[in-house]
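Here are a few notes to go with your first look at this model. Please keep the structure open beside you as you read.

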Amino acid sequence: MSLNFKKFLLLWSGELISSIGGGLTSFGLGVYVFAKTGSAASMALVSLLAFLPTLVLSIPAGVLADRYDRRLLMMIGDGLSGLGILYILLCMIFKEASVLDICFGVLISSVFSSLLEPSYRATITDLLSEEEYSQASGMVSLAGSARYLVSPLLAGLLLSITDIKVLLIIDICTFILTVISTSVVKRGMVSKKGVETESLSASFKEGWMAICEKKGMLPLLFVASLITTFMGFMQILSEPMILDFASSSVLGITETICASGMLVSSVYLGMKGLKNHFVKTLSFSLVLVGMSMILFGFKENLILIGLSGFAFFLCLPFANNSLDYLVRTNIEASKQGRAWGFIGFITQIGYVVAYGCSGLIADSIANLANIGVGRASGMVIMVAGLLLAVISWFVGYIPSIRALEKRA
């Protein structure tokens with residue numbers, strides 16, 4: 001094992017810990033807000049404000065990742081993002097935190113977290129060889145899955161014996177550990193500053209052109225944006241759907257069972273990786289994701305929800321791995337910080353659409369049809385899954401996207 005891969009493992013470990021801590025907070029705040037309001041729209045609003053700054057600031061964060069020390073930016077982003085969580089904790093200690101207080105706290109945390117993603121992805125490119133990209137991508141997916149695999153179960157158990165403040169304290173502690181691991185990786189690494197003398201506008205242009213010069217990149221990212229929209233409906237509405245007929249501890253156990261599917265496939269990809277047929281894998285895995293969503297929302301049955309949720313998460317790493325490889329091998333390494341900023345903005349804007357309207361749609365259906373918000377959430381998830389499956393089926397037949405794999 002090379003020294004750089006060992007550094008990647010240390011960096012990855014820090015992000016794994018951070019992912020678990022963030023998952024604890026996300027789960028706890030979701031349960032807290034739903035218990036306080038009984039509204040899917042309120043839960044969606046918190047998620048939207050937690051996510052929106054990361055999206056809006058992803059492009060300038062990508063430029064910064066190519067202009068300055070990427071590891072230092074990661075340390076600043078991880079460290080200061082804890083301030084928002086600390087604010088929520090203090091509100092809960094000295095008074096009952098309102099939904100407005102929670103929205104403000106997650107907004108502050110997200111602003112600083114926006115520095116992290118482009119720098120993290122570009123650092124992986126700095127550390128590893130092209131042959132190691134696929135394996136690293138599988139491990140990155142595994143770290144991301146921890147917030148769905150470990151956090152819900154742990155959070156559900158903790159909430160049964162204590163309250164949300166303990167979850168927030170644990171999350172704040174994980175920020176410290178992440179900063180330490182990043183600082184260790186930073187030692188001995190030379191920051192790539194190839195565009196430091198360029199103006200910000202020129203850097204933005206370079207990042208955009210790095211994407212546009214590959215003919216199939218924009219269609220691929222546009223499709224990815226549509227896909228994230230439909231997946232965002234699942235992400236937002238699954239919790240109110242289950243909480244409408246089950247407790248927070250049952251929700252935590254169910255989410256962990258579902259997310260274990262991502263553990264299985266991420267471990268496989270971390271060991272074996274994908275060797276070819278990336279476009280076909282992307283298309284087929286997302287079709288299965290859509291079909292799993294249809295089954296997930298079909299009935300208030302924990303067994304069906306657990307099995308379909310397991311299938312949903314089982315397929316996601318294959319799609320993420322394929323998309324990551326197609327992007328990483330078609331963009332010059334020195335421009336990847338700026339490029340990932342644009343890529344993150346384009347692909348994840350679908351989440352903004354989902355977060356902004358999913359809760360409102362579910363609440364409206366519940367009121368109009370005189371049914372529970374949980375059942376209404378399940379119906380919306382089913383429709384989103386159907387649309388996802390249909391769109392994903394055609395991805396493998398788009399010539400310009402297929403050409404990306406040939407060039408790679």
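1. Helices are DSSP runs of H or I with at least four residues, numbered from the N terminus. This is a predicted model, in which local features need pLDDT of at least 70, side-chain atom pairs count only at pLDDT 80 or more, and totals for chains, interfaces and linings use all residues. Residues are numbered from 1 along each chain as its sequence is written, and side-chain values use heavy atoms, with hydrogens and water left out.

2. Let us begin with two loop residues. Asn-370 sits in the loop between helix 15 and helix 16 (373–395). Its phi is near 55°, a positive value in a residue other than glycine. Most residues other than glycine have a negative phi. Is Asn-370 buried or exposed? Asn-370 counts as exposed because its relative accessibility is 70% (exposed means over 50% relative accessible area, buried under 20% and partly exposed in between, with a 1.4 Å probe and protein chains only).

3. His-277 belongs to the loop between helix 12 and helix 13 (278–296). Phi of His-277 is also positive, near 55°, in a residue other than glycine. With 45% relative accessibility, His-277 counts as partly exposed.

4. Now step into helix 15 (residues 336–369), where you will find Thr-347. Thr-347 has a relative accessible area of 9%, so it is buried. Which backbone oxygen does the side chain of Thr-347 reach? That of Ile-343, at 2.8 Å. Apart from neighbours within four places in sequence, Thr-347 is in contact (heavy atoms within 4.5 Å) with Leu-221, Ala-224, Ser-225 and Thr-228.

5. Next, please look at where helix 13 meets helix 16. Their axes are 7 Å apart and the packing angle is about 165° (axes are lines fitted to C-alpha atoms, for helices over the stretch in contact, and angles run from 0 to 180 degrees between N-to-C directions). Helix 13 is therefore roughly antiparallel to helix 16 (angles over 145 degrees count as roughly antiparallel, under 35 as roughly parallel, 65 to 115 as roughly perpendicular and the rest as oblique). The crossing is left-handed, a term for a near helix turned anticlockwise from the far one by less than a right angle, with right-handed used if clockwise.

6. Who meets whom there? Residues of helix 13 including Leu-282, Leu-286 and Phe-296 meet residues of helix 16, among them Ile-381, Leu-388 and Trp-393. By class, this contact has 17 nonpolar, 4 polar and no charged residues (Ala, Val, Leu, Ile, Met, Phe, Trp, Tyr, Cys and Pro count as nonpolar, Asp, Glu, Lys and Arg as charged, and the others, Gly among them, as polar).

7. Helix 11 (residues 217–243) packs with helix 12 (residues 248–271) at about 135°, their axes 9 Å apart. The angle makes helix 11 oblique to helix 12. Their crossing is right-handed. On the helix 11 side, Glu-239, Ile-242 and Leu-243 meet Ser-248, Leu-251, Thr-254 and Glu-255 of helix 12. The classes here are 3 nonpolar, 2 polar and 2 charged residues.

8. Finally, visit helix 4 (residues 70–94) and helix 6 (residues 116–127), which pack at an angle of about 145° with axes 9 Å apart. Helix 4 and helix 6 cross in a left-handed way.

Methods: Polar contact = N/O pair within 3.5 Å; in protein donor to acceptor, adjacent residues only side chain to side chain.
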